[in-house]
Amino acid sequence: MLENESYDLRRLAALSLREIGNSSAVEPLLHNIFAKERINQNGTFVYALMALDCSKNIKEIFQILFYQGYEAKYHACEILEEQEFEFTRQDIHDIKAMWEDLKLHPEKGVCFENNKDMIEAIVTSYLPYLDELN
């Protein structure tokens, strides 16, 4: 159902997956979130992720924070604030590189200028953890 042409059916599927709470839904939800033609329609899908274990997906959650629409960014912030993550040095390197690139090219991020303070606060809160791995 997440691949259905109907936005309403995809949203209902995402909400059902949230309700079920099975974390095997994380990858299909992320796949749907990163579908290029749906960049501003992802708030519900990220909301669904909030009820699932995203501990192995820190890089993807930061990608949502950096590049998706406002509602998706807001829910990504909540995930980053509420969940604990496992990550590698490469994940940290990639997150830092995305952040630096976004600051240099804010046009790459949807609503970036309007949400820069919120995004920067989250990145800053993670920097001590990220720097420990360097």
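1. Start with Lys108 and its contacts. Leaving aside neighbours within four places in sequence, Lys108 is in contact with Tyr67, Asp101 and Leu102. Contact here means heavy atoms within 4.5 Å. Lys108 sits in the loop between helix 6 and helix 7. Helices (H or I, at least four residues) and strands (E, at least two) are DSSP runs, numbered from the N terminus. Lys108 and Tyr67 lie 41 residues apart in sequence, yet their C-alpha atoms are 6.8 Å apart in space. Lys108 counts as partly exposed, at 43% relative accessibility. Buried means under 20% relative accessible area, exposed means over 50%, and partly exposed is in between (1.4 Å probe, protein chains only).

2. Know what you are looking at. This is a predicted model, in which local features need pLDDT of at least 70, side-chain atom pairs count only at pLDDT 80 or more, and totals for chains, interfaces and linings use all residues. Residues are numbered from 1 along each chain as its sequence is written, and side-chain values use heavy atoms, with hydrogens and water left out.

3. Check the confidence. pLDDT is the predictor's confidence in each residue, from 0 to 100. The protein has a mean pLDDT of 87, and 92% of its residues reach 70 or more. Where is confidence lowest, and where is it highest? It is lowest in helix 7 (residues 112-132), with a mean of 79, and highest in helix 4 (residues 58-67), with 95. Where pLDDT is low, the predicted coordinates should not be read in detail.

4. Now the overall fold. The protein has 7 helices and 0 strands. From the N terminus, its elements run α-α-α-α-α-α-α. Its radius of gyration is 14 Å, close to the 14 Å that the globule rule gives for 134 residues, so the protein is as compact as a globular protein of that length. The radius is taken over C-alpha atoms, and the rule is 2.2 Å times the number of residues to the power 0.38. Along its principal axes, the C-alpha trace spans about 40 × 30 × 20 Å. Among contacts between residues at least 6 apart in sequence, 72% join residues at least 24 apart.

5. Look inside. Of the 134 residues, 44% count as buried. A nonpolar core is a set of buried Ala, Val, Leu, Ile, Met, Phe, Trp, Tyr and Cys residues joined through side-chain atoms within 4.5 Å. The largest such core has 37 residues, and Leu49, Phe62 and Phe66 touch the most other members. Elements giving it two or more residues include helix 1 (7-20), helix 5 (70-82) and helix 6 (89-104). Helix 4 gives the largest share, 7 residues. Not counting residues up to four places away in sequence, Phe62 touches Leu80, Ile95, Met98, Ile122, Val123 and Tyr126.

6. Asn115 is in helix 7. Is Asn115 buried or exposed? Asn115 is buried, with a relative accessible area of 6%. Beyond residues up to four places away in sequence, Asn115 touches Tyr70 and Lys73.

7. Finally, the cysteines. How many disulfides does the structure hold? It holds 0. A disulfide is a pair of cysteine sulfur atoms within 2.5 Å. The sulfur of Cys54 is 14 Å from the closest cysteine sulfur, in Cys77, so the two are too far apart for a bond. Cys54 is buried, with a relative accessible area of 0%. Cys77 also counts as buried, at 6% relative accessibility.
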